[in-house]
Amino acid sequence: NIIVRPQWLRRIPGPPSHFRAQYRFHTSNDTTTSVDNYTPLLLFINKRSGGQSGEKIYRKLLHLLNPRQVFLLENDATILHALEIYSSLSNIRICVFGGDGTVGWVLSCLAELYPSLNNPPVSICPLGTGNDLSRVLLWGEQYDSKRLLSILTQIPQSQSTALDRWQVTIEQVNNIKEENLPTNRLPLSFINHPKFVRDTNRASYQNNRALPNTRFINYMSFGLDAAIALEFHDRRKRDPRKFSSPLKNKLMYLNESRKYLNDFARSKMWNLGSYIRLLCDGEDLTESIRNCHTLLVLNIPCYASGTNPWGKSSNNNTSTSSQTIIIQKDCDSFQEISTSSIEIIDLPANTHEVYELVTLNDCPNDQINIPSITTITTPIGRFDRQDFGDKKIEVVGLSTTHMATIHMGFRGIRIAQCSNLRIEICCPMTAQMDGEPFYLPESVAVNVTHAGQVLVLRNENR
């Protein structure tokens with residue numbers, strides 16, 4: 001029921017490949033020919049995704065399905081042309097073969113063509129490195145050629161759900177000057193500034209100054225993680241042959257991160273609070289990032305290949321009671337962490353100091369075997385459950401320690417859930433949107449506002 005029948009397509013005057021689709025059945029009395037029994041599928045493939053394997057998958061799909069329903073993504077015109085051909089068919093669904101950037105590209109085109117929540121819903125076959133949106137929508141972590149047909153046949157039974165989109169505007173602001181910031185927020189010497197502040201002439205910075213998009217659907221980030229992503233992105237553009245598989249991509253990402261080892265080593269000497277003013281729904285929360293080296297703006301509960309920096313939500317969001325959490329740290333191990341009746345991930349943002357205890361440094365030798373106990377009374381239910389369709393975004397801070405421990409199941413510092421975000425930057429800054437990094441070379445204000453919703457498909461049958 002996902003295959004476009006050849007008799008549905010008719011040629012119309014125009015270019016040789018100009019077609020229009022319309023349901024046509026040989027027998028009108030046969031109930032199996034009802035329109036409701038069909039869910040025609042349009043497939044868009046980025047041949048450069050998945051370590052350049054998209055073209056191989058494209059050829060395989062040409063054998064499985066009608067070639068007229070499979071499209072190699074080249075530009076916006078490809079998407080518009082496909083939707084024009086099948087505009088008269090009901091129950092159309094779309095499957096995008098690519099990474100998060102490719103999915104965002106297709107969703108942007110759909111948002112421009114259709115009113116909010118009226119687009120053909122979109123499923124994903126993950127070919128990228130991170131595939132964070134695919135993980136959230138339960139389409140898998142990576143492409144599995146053995147499950148291709150079974151995934152395609154699950155699409156008609158998948159559940160449509162709303163996904164928020166967020167508008168990003170860059171505002172030139174001349175009055176944000178570093179010297180106007182409080183002196184206690186500035187590093188003591190220029191050498192202690194991170195590389196993206198002091199080394200502005202790097203080729204990767206000069207070559208990636210354009211905003212990659214005006215909207216995002218997954219996340220946006222500023223600071224150290226974006227700096228590493230920018231090096232990776234620039235290297236891949238210069239030598240794409242070395243990035244031939246998701247595994248190689250991840251190894252190359254780790255290799256590029258070595259360029260910023262000095263910023264990790266000197267993390268005690270700098271923080272984003274010295275360079276950024278953070279306003280969430282008009283409230284100044286800059287003090288919340290005084291120990292952070294990466295600022296995350298999350299729309300979905302997934303980042304950096306499957307981590308969850310916001311953490312799980314409490315099951316009882318309306319509770320106003322408090323519970324006592326006890327965290328025990330043994331300097332030799334992360335395993336000596338115990339909590340009372342709730343999980344560590346339910347701590348509110350104002351208790352982020354607890355996470356600074358769970359580190360592998362700052363432990364005197366004469367106390368190496370003595371565990372430290374910190375007891376904190378924490379209100380439950382400060383934040384709502386994270387939801388990518390609630391018209392709110394989550395703001396999270398990460399220290400260099402968090403950047404490592406989120407891959408072990410820990411979370412970062414919860415700062416806010418808001419509908420309007422303003423980030424005023426007083427110096428050069430690295431940033432990324434949905435995995436597309438870029439460089440802001442001067443003082444600007446970044447404004448983030450809600451930009452409508454699109455329909456996506458969640459694979460509950462997986």
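How many helices and strands does the chain have? This predicted model has 13 helices and 20 strands. Buried residues make up 52% of the 462 residues in the chain. The accessible surface comes to about 21,000 Å². Carbon and sulfur atoms own 49% of that surface. Now look at the contacts with a separation of 6 or more. Residues 24 or more positions apart account for 77% of them.

H4 covers residues 100-113. Its 14 residues reach 20 Å from the first C-alpha to the last, close to the 20 Å expected at 1.5 Å a residue. The buried residues of H4 include Val103, Val106, Leu107 and Leu110. An α-helix has 3.6 residues a turn, so residues three or four places apart point the same way.

Move on to helix H10, residues 246-257. Leu247 is found here. Its relative accessibility is 60%, so Leu247 counts as exposed. Leu247, Leu251 and Leu254 form a nonpolar patch on the surface. Together they have about 330 Å² of accessible area.

Next comes strand E7, residues 159-172, where Gln167 is found. Is Gln167 buried or exposed? Gln167 counts as buried because its relative accessibility is 17%, and the cut-off for buried is under 20%. A polar atom of the Gln167 side chain lies 3.5 Å from the backbone oxygen of Thr214.

Now for the charged pairs. The count comes to 14 salt bridges. One of them joins the side chains of Glu171 and Arg422, at 2.9 Å from N to O. This pair links distant parts of the chain: Glu171 is in strand E7, Arg422 is in strand E17, and they are 251 residues apart. Glu171 is partly exposed at 35% relative accessibility. Arg422 is partly exposed too, at 21%. Both belong to a network of salt bridges that also links Arg277, Asp284 and Glu424.

Another salt bridge joins Lys259 and Glu231, at 3.5 Å from N to O. Lys259 lies in the loop between H10 and helix H11, and Glu231 lies in helix H9, so the pair ties together parts that are 28 residues apart in sequence. Lys259 is partly exposed, at 32%, whereas Glu231 is buried, at 3%.

Finish with Glu141 and Arg135. Their closest N and O atoms are 3.8 Å apart, in a salt bridge. Glu141 is exposed at 52% relative accessibility, but Arg135 is buried at 18%.

Note on methods. Residues numbered from 1 in each chain as written. Predicted model: local features only at pLDDT ≥ 70, side-chain atom pairs only at ≥ 80, totals over all residues. Heavy atoms only, no water. Helix = DSSP H or I, 4+ residues; strand = E, 2+ residues; numbered from the N terminus. Buried < 20%, exposed > 50% of the residue type's maximum accessible area, 1.4 Å probe, protein only. Polar contact = N/O pair within 3.5 Å; in protein donor to acceptor, adjacent residues only side chain to side chain. Contact = heavy atoms within 4.5 Å. Areas by Shrake-Rupley, 256 points an atom, 1.4 Å probe, with all protein chains shown as cover. Patch = residues over 30% accessible without salt bridge, like charges linked within 9 Å, V, L, I, M, F, W, Y side chains within 5 Å. Salt bridge = Lys/Arg side-chain N within 4 Å of Asp/Glu carboxyl O. Expected span 1.5 Å × (residues − 1).
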